Amino acid sequence: MGSTSSLWYHYKSWHNTNNGIDAVQLTEERFRHLQICHLRHQYQLPTVVSQPPQKRLKRSHVSTAIKFRPVDKSRAELITQSICQMITMDMLPFSTVENKGFRKLMSVIEPDYKVPCRNTIIVRIEKMYDDKMMELKRNLENIKGVALNTDGWTSLAVDSYITITCHYFNENWELCTQVLGFEEMRENHTADNIQDSLINIIETWNLTGKVIGISHDNAANVTNAVRKLQERDIYSSPCAAHTLQLSINKGLENRMCSHLLKLASDIVAAFRHSPKRTNALENKISTLHNQNYCYYLNI
């Protein structure tokens, strides 16, 4: 191991330094460094020049990174339209734009974008509806014949609705389906009231003389309402799936079938009302499955 003078000569010759070195600071690590440098010089190994430490850049927040991107009028309009489409496509409430989570998301994506209030979104969506309605009316002008189907239902809030859907082929022979009406029926679901709703939809969409037939369920009031439209050359077409379901239900009323259904229902109820039995059944099925038996628990 060299002396202090040798180390000072090394630092002065090889590291281009004129600063003095205190002998007290000469540790074993510095002498080891001296030996390594002499080995590099002896065997002509490349010298690694140490670089001054670079200042580490701080990681900025996402919102800071895009804070200075301007949101011009056209981009703001595009974002607003996209929000309206999201609400209509996913059937979200208008108050979505006032939720804290949504506003937080928009502040990260587009900090300079001002989220519209609920009333603005309502006005924009109503305008979208009017535009889509006019576009559909223009498309239906060139259609020679359409078929309708209708159904009535009651919501959990005990509000009655009727829906009318239109089916037709466009000029490229592609089947198109459009909802023409989704209306609340405040009157009783009588045949006359249902007939009035159907006629109103037909006239609103300028489909007089174009409706070939109307598909519907087998409820007596709907069937009578559509049959009254035969004088307009609109034919009644009962739903085949509903007719088949009624036939099956009628067959299940047989005494033997009803007895078997009662036994099956009691077995299901026994497992549903007892977690202990359910766990035992699941363990048994798992054991049989490991023995190459295929069973499914669906109760």
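Strand β2, spanning residues 160-169, is largely enclosed by the rest of the structure, because 8 of its 10 residues are buried. The description given here refers to a predicted model.

With β1 (residues 146-154), the pairing is antiparallel and comprises 8 bridges. Within this pairing, Ala147 lies opposite His167 of β2. The hairpin formed by β1 and β2 has 5 residues between the strands, and Val158 in this hairpin adopts a positive phi near 60°. With β3 (residues 175-184), β2 also runs antiparallel, and 9 bridges join the two strands. Here Cys166 has Gln178 of β3 as its bridge partner. The hairpin of β2 and β3 likewise has 5 residues between its strands, and its turn contains Trp173, for which phi is positive at about 60°. In a regular strand, side chains alternate between the two faces of the sheet.

Helix α6 covers residues 118-141 and contains 24 residues. The buried residues of α6 are Ile121, Ile125, Met133, Leu136 and Leu140. The elements covering these residues include the strands β2 and β3, together with the helices α4 (73-89) and α7 (191-204).

Helix α6 also contributes to the largest pocket, where its 8 residues make up the largest share of the lining. The volume of this pocket is about 790 Å³. Elements that supply two or more residues to its lining are α4, α6, β3 and α7. In total, 23 residues line the pocket, and those nearest its centre are Tyr129, Lys132, Val179, Leu180 and Phe182. By residue class, the lining divides into 14 nonpolar, 5 polar and 4 charged residues.

When neighbours within four places in sequence are set aside, Thr278 is in contact with Phe271 and Arg272.

Key: Residues numbered from 1 in each chain as written. Predicted model: local features only at pLDDT ≥ 70, side-chain atom pairs only at ≥ 80, totals over all residues. Heavy atoms only, no water. Buried < 20%, exposed > 50% of the residue type's maximum accessible area, 1.4 Å probe, protein only. Helix = DSSP H or I, 4+ residues; strand = E, 2+ residues; numbered from the N terminus. Pairing = 2+ DSSP bridges. Expected span 1.5 Å × (residues − 1). Contact = heavy atoms within 4.5 Å. 1 Å grid on protein atoms, 1.4 Å probe; cavity = no way out; pocket = protein on both sides within 12 Å on 5 of 7 lines; lining within 4 Å. Points joined across faces, edges and corners; volume = space filled by probe spheres on them. Nonpolar A, V, L, I, M, F, W, Y, C, P; charged D, E, K, R; others polar.
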